[in-house]
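Trainee: Could you take me through how the packing of helices and strands is read from a model such as this one?

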Amino acid sequence: MKIFDLLKLANRNLFRNKLRTLLTVAAIFVGSFTLTMTNGIGDGLRSYVDSQVKNIEGDTVIFVRRKIEIPDGPPPGDTPPEYSGETELPTARRFDRTAMLITLPEMEDALNGTPEVKTVTPRYEIGGEYITLDGQKKYWLNLGMISQGISQKTEAGDTISGNDQIVIPLGLARAFDSDLDNLIGKSVTIGYKAADKSMIERPLKIVGVATKGFQDNTTSFVDADTAAAIYGDQISPDSAGKFFNFSVQLSSADQAKIDAVKNKLVEKGFSAETMADQQKRTDDAIGIFKIVMGLVAFIALLAASFGIINTLVIAVIERTKEIGLQKALGMGRGKIFAIFSLESVLIGFWGAVLGIVAAIIVGLTANQILIRTYRDSFEGYTLFVFTLPSILLVTLLVCTIAFAAGVLPAIRASRLNPIESLRYE
């Protein structure tokens, strides 16, 4: 008897008692539905992080800050510390942010003798007041900088590639012109306050319109040289030359060289990480979420597996005489085992198919509701993303659990004595 014939026979045997089989399939359906929805949410989050939240890229850049050990002390809790007339918190609860400041000579000294380093860029803390196009309406301006070696994802135009350039956020761009391509290459004027509170204006060229992230990005980014000039205008002399963060651009994206530079910085008392490290933390958080939610689905599938065992045990009892006749006619133990094993796998398969189809329908419907209801806040976010690998994984997992549940009843059926089975009433 060929495998296809065994499948047909196993499927036909399942529906001898339609109600019992459907109830067992329904239990499998719940678990596979939950597992598919969980994977859909996880894949949707990961896809959104890749396409929206992670809207800057730089595989040769390391972000550096000073590593500070926070003093030991009791956790804050809900009770505030008692006031004792001191101007500062108790030592165990105090944290001096200025201890994190780094000078450019310190960074250069830490990287001395490292030929892989291409550029070292301080993180200039800069602020803007307004931005205007062609002398028209002025809009509030949040200002940031793009470090050398970093590229930014854009809806129109390109990332920063030179001096006196700016990439503006999507909301601001639409306020200027609904056709984003019209803005590329145009000159805007930004205004910012100097250290003496006077207003300084600077013309910049729009080279791109940034993508929209999880929350509406309201920051306009300028190149490092422009940021350095603005920083020079805004910083007071006593605070100049001290920075909280640096970015180090390497000449190669070779992971071994990146790790070597990171280790060297750590030995010098710095904390160093790449964008890949930051991305990994996000992916790990999503992975933990999928595992926790997947455990809920697994418990549901585990409970459903007892239903499969019950269904097949009853089927073995009901078909004892039939099994005895099949053995008497020459059907071997292996084929008897295969028939009942296939029945258990088919229960899992049909439950998985129904659960996956239902999950996809519910997920796609939820996506449409989300898009219509929260378009402005979650632009570009698809709540459920169903990928073929995830669907195949759910199907394989459910069928494997179903097979494992059917092993004992199948073994019992294959070991029945044909003479005693024929006498069974």
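**Helix packing and a sheet**

Mentor: Helix H7 passes helix H9 in a right-handed crossing, meaning that the near helix is turned clockwise from the far one by less than a right angle. This is a predicted model, in which local features need pLDDT of at least 70, side-chain atom pairs count only at pLDDT 80 or more, and totals for chains, interfaces and linings use all residues. Residues are numbered from 1 along each chain as its sequence is written, and side-chain values use heavy atoms, with hydrogens and water left out.

Trainee: At what angle do the axes of H7 and H9 cross?

Mentor: Two packed helices are described by the angle between their axes and the distance between the axes. The axes of H7 (residues 275–318) and H9 (residues 333–373) cross at roughly 145° and come within 11 Å; axes are lines fitted to C-alpha atoms, for helices over the stretch in contact, with angles from 0 to 180 degrees between N-to-C directions. Helices (H or I, at least four residues) and strands (E, at least two) are DSSP runs, numbered from the N terminus.

Trainee: Which residues of H7 meet H9?

Mentor: Ile308, Thr311, Leu312, Ala315 and Val316 of H7 meet Phe340, Glu343, Ser344 and Ile347 of H9, contact being heavy atoms within 4.5 Å.

Trainee: In what order do the four strands form the open sheet?

Mentor: Strands of a sheet pair through backbone hydrogen bonds, either parallel or antiparallel. Here the order is S4-S15-S2-S16 with antiparallel pairing, where two strands pair if DSSP finds at least two bridges between them. Strands S4 (117–122) and S16 (270–274) stand at the edges with a single partner strand each, so one side of each is left without a neighbour in the sheet.
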